[in-house]
Amino acid sequence: MDFTVKRLAADAGTFLSRAVQFTEEKLGQAEKTELDAHLENLLTRAECTKHWTEKILKQTEVLLQPNPNVRIEEFFYGKLDKKAPTRQNNHEMLGQFMIDSGNEFGPGAAYGNALTKCGETEKQIGGAEREFIQSAAINFLTPFRNFLEGDFKTILKERKLLQIKRLDLDAAKTKLKKAKMAEARAAAEQELKVTQSEFDRQAEITRLLLDGVSSTHAHHLRCLNDFVEAQTTYYAQCYQYMVDLQKQLGSFPSSFSSNNNQCSAGAGASVSVPTLPLSSVPSASATQSRSGFSELLSSSVSRKARVLYDYDAAGSNELSLLADEVITVSSVPGMDSDWLMGERGNQRGKVPITYLELLN
């Protein structure tokens with residue numbers, strides 16, 4: 001019990017002497033032991049590293065996840081050591097909407113087919129983005145965060161302890177100056193010797209930790225290279241996906257005037273004759289097959305035909321066509337001579353003769 005009381009009294013006296021020393025230094029009434037220039041430079045570099053690591057880390061998080069609410073949610077899940085729920089990113093959501101709308105318009109329609117292709121590409125880009133974010137989080141964000149939450153916190157702890165040892169040292173120096181009696185001076189000198197040794201030891205520990213910042217820079221440089229490589233891969237994937245999509249869409253012919261035909265039919269026109277694009281000229285083989293159509297119209301047999309151009313159905317009784325596909329066509333009694341009945345799998349509907357080439 002007596003030992004505990006004495007220990008508390010000693011601790012209180014030490015704390016009081018530190019407070020007095022700190023106050024007198026601020027008021028300019030006491031001398032302050034300055035750290036050597038090398039150690040000061042190391043401390044400055046560590047603070048600079050911490051400052052810019054925080055800024056780079058925060059802005060990279062914004063780049064990878066622009067939605068602040070989602071970032072906060074992921075932060076709390078991380079603190080709870082739980083995995084955040086998987087959600088579609090913007091590219092994946094857009095891709096799904098395009099695919100759904102393409103299915104609604106029908107994959108046989110040019111617009112529906114184009115929407116589906118665009119949607120699939122957007123989902124591929126979304127997947128590439130997800131891989132990029134995962135790679136950046138593991139190889140870039142995590143090492144930066146580990147430095148701030150681990151190494152630098154240790155540096156701060158040891159630096160604070162160094163400040164305490166310095167206050168003890170300066171308080172011992174002040175006490176020695178004020179000692180008048182020989183016995184008091186001897187005790188003060190012994191205390192000064194102990195505090196000087198503790199200060200030197202703590203300064204060396206702090207210096208060793210601060211020297212490790214150089215290794216941190218080297219590690220962060222490797223992480224930066226990994227981040228750039230991940231970005232390069234991501235953007236290269238996106239570029240290739242878009243080039244492939246552009247080639248697919250480029251194979252589609254110019255827009256037809258079928259929309260105008262639909263409007264005319266809705267206004268009361270009794271017959272809508274499909275027209276080819278103005279820039280389209282039938283091939284020689286298509287011209288040679290005209291006699292085949294005459295024979296087909298006068299018989300009930302079925303023939304294979306290649307589609308020359310895309311065609312969007314103007315009604316539920318028509319069949320949408322894609323260029324270069326092969327369908328089965330036949331004549332139906334009473335049908336207009338500009339049309340045939342087309343079949344594609346389970347799909348069946350009227351198709352315009354001018355968009356077809358009979359195959360032998």
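Me: In which helix does Glu-191 lie?

Reply: Glu-191 lies in helix H6, residues 182-211. A helix here is a DSSP run of H or I with at least four residues, a strand is a run of E with at least two, and both are numbered from the N terminus. This is a predicted model, in which local features need pLDDT of at least 70, side-chain atom pairs count only at pLDDT 80 or more, and totals for chains, interfaces and linings use all residues. Residues are numbered from 1 along each chain as its sequence is written, and side-chain values use heavy atoms, with hydrogens and water left out.

Me: Why does Glu-191 count as partly exposed?

Reply: Buried means under 20% relative accessible area, exposed means over 50%, and partly exposed is in between (1.4 Å probe, protein chains only). Glu-191 has 31% relative accessibility, so Glu-191 counts as partly exposed.

Me: Why is Gln-202 called buried?

Reply: Gln-202 is also found in helix H6. Its relative accessible area is 3%, and the limit for buried is under 20%, so Gln-202 is buried.

Me: Which residues is Gln-202 in contact with, leaving aside its neighbours within four places in sequence?

Reply: They are Glu-158, Leu-161, Leu-162 and Lys-165. Contact means heavy atoms within 4.5 Å.

Me: What does Glu-191 touch, not counting residues up to four places away in sequence?

Reply: Glu-191 touches Ala-172 and Lys-175. Ala-172 is 19 residues apart from Glu-191 in sequence, and the two are 6.3 Å apart in space, C-alpha to C-alpha.

Me: What makes the pair of Glu-191 and Lys-175 a polar contact?

Reply: A polar contact is a pair of N or O atoms within 3.5 Å; within protein, one must be able to donate a hydrogen and the other to accept it, and residues adjacent in sequence count only if both atoms are side-chain atoms. The side chains of Glu-191 and Lys-175 make such a contact at 3.1 Å.

Me: How do you know that the span of helix H4 agrees with what it should be?

Reply: The expected span is 1.5 Å times one less than the number of residues. Helix H4 (residues 90-105) has 16 residues and should span 22 Å; its end C-alpha atoms are 23 Å apart, which agrees.

Me: Which residues of H4 are buried, and what puts them on the same side?

Reply: The buried residues are Glu-92, Gly-95, Ile-99 and Gly-102. They cover an arc of only 90° around the axis, which puts them on the same side of H4. The arc is that of the directions from the helix axis to the C-beta atoms. These buried residues pack against helix H5 (110-178). The face turned away from the buried side carries the exposed residues Asn-90, Phe-97 and Glu-104.

Me: What caps the N-terminal end of H4?

Reply: Asn-89 does, with a side-chain oxygen 3.3 Å from the backbone nitrogen of His-91. After H4 comes Gly-106, whose phi is positive, near 105°.

Me: Why is one side of E4 and of E5 left without a neighbour in the sheet?

Reply: The open sheet has 5 strands in the order E4-E3-E2-E1-E5, with antiparallel pairing. Strand E4 (347-352) and strand E5 (356-358) stand at the edges, each with a single partner strand, so one side of each has no neighbour in the sheet.

Me: What makes E3 and E4 a pair?

Reply: Two strands pair if DSSP finds at least two bridges between them. E3 and E4 have 6 bridges and pair in the antiparallel sense. Glu-343 stands opposite Arg-348 in E4.
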